Amino acid sequence: MQVLLVEDDPKLAGFIQKGFSSENINLDIAYDGLIGQRILSQKPYDVVILDVNLPSINGFELCKFVKNNWASTPVMMLTALSTIEDKEIGFNAGADDYLAKPFEFKELLLRVKALGRRNMFVSKPSKILEIADLKLNLDTQEVTRSGKKVELTKREYDLLEYLLLNKGKVVSRVDILEKVWDLNFDTNTNVIDVYITYLRRKIDKDFDPKLLYTIIGRGYSLREE
């Protein structure tokens with residue numbers, strides 16, 4: 001079984017990983033919500049386990065992200081937030097299970113195995129990010145608009161993937177430089193503007209509605225107006 005744990009406590013994450021390893025469960029770990037979001041977009045998981053109080057993106061929002069993109073993937077909330085109100089928020093976000101800290105490892109293991117068995121009988125569609133008629137298939141890395149294939153360079157693809165992961169939101173030039181280029185560029189460079197122009201020509205120029213917007217003084221947004 002392939003499991004992703006998003007947990008910002010390294011000691012607890014290590015404890016769970018050691019226990020899962022003894023049960024032949026492969027566990028990947030992300031220590032903040034944004035990293036968890038990126039990892040989710042790179043490979044399929046049988047079960048996702050989320051803490052709530054995470055850096056960058058909290059567990060409830062990350063749960064919504066999982067369910068919006070891969071509805072059949074089971075999500076367990078594993079958190080110290082244990083009131084009925086907290087659980088209500090978690091289940092409304094799409095969680096399939098909710099386990100409060102502190103917990104017994106054996107109970108966590110039993111619940112994860114149960115979620116994994118349930119997921120075995122659900123057909124898994126391709127991982128597709130989309131907005132309007134623009135689609136990006138994370139498995140094949142194919143991009144289409146109105147059913148027509150769009151050829152992108154690696155950097156253009158990475159930029160579009162990041163914008164789709166944040167569709168409807170405004171992302172700044174600094175965000176893009178850090179998350180797509182993975183470097184602390186001079187924020188005055190025009191490299192982002194250049195690649196936004198390249199991408200807009202390929203996904204927007206010959207199509208309607210327009211999807212890629214420049215938000216003056218703030219950044220860029222992939223959205224339906």
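Of the contacts in the chain between residues at least 6 apart in sequence, 57% join residues at least 24 apart, a contact being heavy atoms within 4.5 Å. The model is predicted: local features need pLDDT of at least 70, side-chain atom pairs count only at pLDDT 80 or more, and totals for chains, interfaces and linings use all residues. Residues are numbered from 1 along each chain as its sequence is written, and side-chain values use heavy atoms, with hydrogens and water left out.

**Overall fold and size**

- The chain holds eight helices and eleven strands; helices (H or I, at least four residues) and strands (E, at least two) are DSSP runs, numbered from the N terminus.
- The radius of gyration of the chain is 19 Å, which agrees with the value near 17 Å that a compact globule of 225 residues would have. This radius is taken over C-alpha atoms, and the globule rule is 2.2 Å times the number of residues to the power 0.38.
- Along the principal axes, the C-alpha atoms fill a box of roughly 55 × 40 × 35 Å.

**Confidence**

- The mean pLDDT of the chain is 89, and 93% of its residues reach 70 or more; pLDDT is the predictor's confidence in each residue, from 0 to 100.
- Where pLDDT is low, the predicted coordinates should not be read in detail.

**Surface and charge**

- Of the 225 residues in the chain, 47% are buried. Buried means under 20% relative accessible area, exposed over 50%, and partly exposed in between (1.4 Å probe, protein chains only).
- The chain exposes about 11,700 Å², and carbon and sulfur atoms supply 49% of this area. Accessible areas come from the Shrake-Rupley method with a 1.4 Å probe; for residues, only the protein chains shown count as cover.
- There are 32 positive and 34 negative side chains, and the centres of the two sets lie 3 Å apart. Lys and Arg count as positive and Asp and Glu as negative, while His and the chain ends are not counted. Each charge is placed at NZ of Lys, CZ of Arg, CG of Asp or CD of Glu.

- L108 sits in helix α5 (residues 105–120) and counts as buried because its relative accessibility is 0%.
- Leaving aside residues up to four places away in sequence, L108 touches I16, F20, I49, M76, L78, L99 and F103.
- From C-alpha to C-alpha, L108 is 15 Å from N26, and the two are 82 residues apart in sequence.
- I35 belongs to helix α2 (residues 33–40) and, with 40% relative accessibility, counts as partly exposed.

**Cis peptide bonds**

- The peptide bond from K101 to P102 is cis, with omega near -5°; P102 is placed in the loop between β5 (97–100) and α5.
- D208 and P209 are also joined by a cis peptide bond, with omega of about 0°. P209 is in the loop between α8 (191–203) and β10 (212–215).

- A132 is not a glycine, yet its phi is positive, about 50°. This residue is in the loop between β6 (128–131) and β7 (134–137), and A132 counts as partly exposed at 33% relative accessibility.
- S146, not a glycine either, has a positive phi of about 55°. The loop between β8 (142–145) and β9 (148–150) holds S146, which is partly exposed at 42% relative accessibility.
- D133 lies in the loop between β6 and β7, and its relative accessibility of 24% makes D133 partly exposed.
- D133 touches T144, R145, S146 and D208, not counting residues up to four places away in sequence.
- The C-alpha atoms of D133 and L211 are separated by 9.9 Å, and the two residues are 78 apart along the chain.
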